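I open these notes with the structure itself and then record what I looked up, entry by entry.

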Amino acid sequence: MARRPVSIGQWAGLGAAVLVAVLSLGTLIAVAGRAEDFSSLSRHDWASVRFTVVQAALSAALSVAISIPVARALARRSFVGRGVLVTLLGAPFILPVIVAILGLTAVFGKSGIVSNLLIWAGLEPISIYGFHGVIIAHVFFNIPLATRLLLHGWGTIPSERFRLAASLRFTSIDVFRHVEIPMLRDILPGALAVIFLICTTSFAVALTFGGGPKATTIELAIYEAFRYDFDLGKASLLALIQFAICTCAALFSFKYRVPHMVGGGLDRPVVRHDTARPLLRLIDTGWIVLAALFLLAPLAALVVDGAGGVLQLPVSVWSAAARSVLTALGSAVLAIVLSLALVLAGQRWHWIEGVGMLSIAASPLVMGTGLFIMIFPFFDPATLALVITALVNAVMSLPFVIRAIAPAIAGSEAAYGKLADGLGMSGWTRLRLVTLPRIRAPLGFAAGLSAALSMGDLGVITLFARPEQATLPLQIYRLMGAYRMDQAMGAALLLLALSLGLFYIFDWGGRGRAHT
């Protein structure tokens, strides 16, 4: 069995592993070669390091703290539309960051819904820019992720434990102390580490809501050193610091990536006897409603404000949209090809599949800086802006794509590998007739996820693109900078529709052919 995957993807897997290693580690080495002495960093640079760590830690702590009662309420309540709500909670994960930023501005900005209510009440409006704006945006993005992770943890608790708690007449507090806290103790460190990592490498949020000496992240400092000062030495030093922080967070998240539960069960439906009191039902309902309002109100505001401006968008926005779609499609295809090669070869050499996870500790801006240093002596990097963007986006999405397709490929090999061996099937024939038909559903989901993430990227493209090469997220950011908010809202609604459309088409295509 160990030899079967070699005929499918041995050399392709090795080639993919080399490419990913060059992009993840080779770019870091290129950055390190241009780095200067750490004494060359200014107080402002070290302040950006402190701000990055502080805002990421606080964002992770708030996201998880709010998600605990929300996930607990969803885990122990059944109601009409619960499945739809849980699905919608995952929307911010594939939502383009710039779209969410505009939605948050429509709700929490100086002219937003919250500020208007405060003015109506005779109070001062709030500003979403600065430290608290970055925190609000990160909490918005990460509450859904933390809630889904915690819901998974609640799902690992066997129903027999709740039956035993009921027989012992445990109250809701007793159940939380003796049944749920042990699960949370296992899953919370990993959830905190993952969200900390995401907040550390969040560029678009800091670019829009941050800035200034008191609200600059490392990624934003790298961008400023690269784009405005062209100080590759400083950008390289900051990139090394960024990679070190991300590596520590990634290693910590890997250690706690799977919640550990002692004992098993019979997979019977969970019946809760500790949540019948009306007060508890009211509290759970309150948490669910507040979470839904916080997460869905910005999207609703964006749809309302942007609907009238879509048909009045200038030609430059539609051209940027076309470039974004082409880049996203290229990124999705490349991510699928690389992931298939790594996972198939990883059936024999497990370390190859691990290479695909290297990018989880990398930053797109660090990778982009390294590629600029490597390419600059030979080509004008601006001519390859869209190609580099698609390549970096594909590598950054590899951890998610690999996690989606690896179990399906392993199951296909376990079920049909010996039969394929007996028929002498190998190479492309085996991949086309045996493997691909049985992994279409996760493959479609993974391709849609990769395309949606690439559509909303506002990172590497900011380093390389000329004005005429802007993608749709970059064009929206420029419209915001020019205070053309009506057009920015319309373009953001267009970006949202394209991102969700690409995700749906790929996902539907995989599911629609999964059993043929």
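**Entry 1: Phe372.** I located Phe372 in helix H16 (residues 364-375); helices (H or I, at least four residues) and strands (E, at least two) are DSSP runs, numbered from the N terminus. Phe372 has a relative accessible area of 8% and is therefore buried. For the term I note that buried means under 20% relative accessible area, exposed over 50% and partly exposed in between, with a 1.4 Å probe and protein chains only. Leaving aside neighbours within four places in sequence, I found Phe372 in contact with Phe226, Phe230, Pro381 and Phe464, where contact means heavy atoms within 4.5 Å. I also looked up Leu232: Phe372 and Leu232 are 140 residues apart in sequence and 9.8 Å apart in space, C-alpha to C-alpha.

**Entry 2: basis of the values.** I note that this is a predicted model, in which local features need pLDDT of at least 70, side-chain atom pairs count only at pLDDT 80 or more, and totals for chains, interfaces and linings use all residues. Residues are numbered from 1 along each chain as its sequence is written, and side-chain values use heavy atoms, with hydrogens and water left out.

**Entry 3: the chain as a whole.** I find 22 helices and zero strands in the chain. Of its 516 residues, 52% are buried. Among contacts between residues at least 6 apart in sequence, 83% join residues at least 24 apart. The accessible surface comes to about 23,000 Å², of which 68% belongs to carbon and sulfur atoms; such areas come from the Shrake-Rupley method with a 1.4 Å probe, and for residues only the protein chains shown count as cover.

**Entry 4: the core.** I asked which residues have the most contacts inside the largest nonpolar core. They are Leu472 and Ile476, in a core of 157 residues. A nonpolar core is a set of buried Ala, Val, Leu, Ile, Met, Phe, Trp, Tyr and Cys residues joined through side-chain atoms within 4.5 Å. Helix H14 (residues 315-346) supplies the largest share of this core, 14 residues. Not counting residues up to four places away in sequence, Leu472 touches Val317, Ala320, Ala321, Ser324, Ala491, Leu494, Leu495 and Leu498.

**Entry 5: H14 against H21.** I find that H14 and helix H21 (residues 472-481) pack at an angle of about 150°, with their axes 7 Å apart. Axes are lines fitted to C-alpha atoms, for helices over the stretch in contact, and angles run from 0 to 180 degrees between N-to-C directions. H14 and H21 are therefore roughly antiparallel, the word for angles over 145 degrees. H14 contributes Ser316, Val317, Ala320, Ala321 and Ser324 to the contact, and H21 contributes Leu472, Pro473, Gln475 and Leu479.

**Entry 6: Pro96.** I placed Pro96 in the loop between helix H4 (91-94) and helix H5 (97-108). Pro96 counts as buried because its relative accessibility is 2%. Pro96 touches Gly456, Leu495 and Ser499, residues up to four places away in sequence not being counted. Pro96 and Gly456 lie 360 residues apart in sequence, yet 4.0 Å apart in space, C-alpha to C-alpha.

**Entry 7: Tyr483.** I looked up Tyr483 in the loop between H21 and helix H22 (485-512). Tyr483 has a positive phi of about 60° although it is not a glycine. Most residues other than glycine have a negative phi. Tyr483 counts as exposed, because its relative accessibility is 72%.

Definitions and conventions: Parallel < 35°, antiparallel > 145°, perpendicular 65-115°, else oblique.
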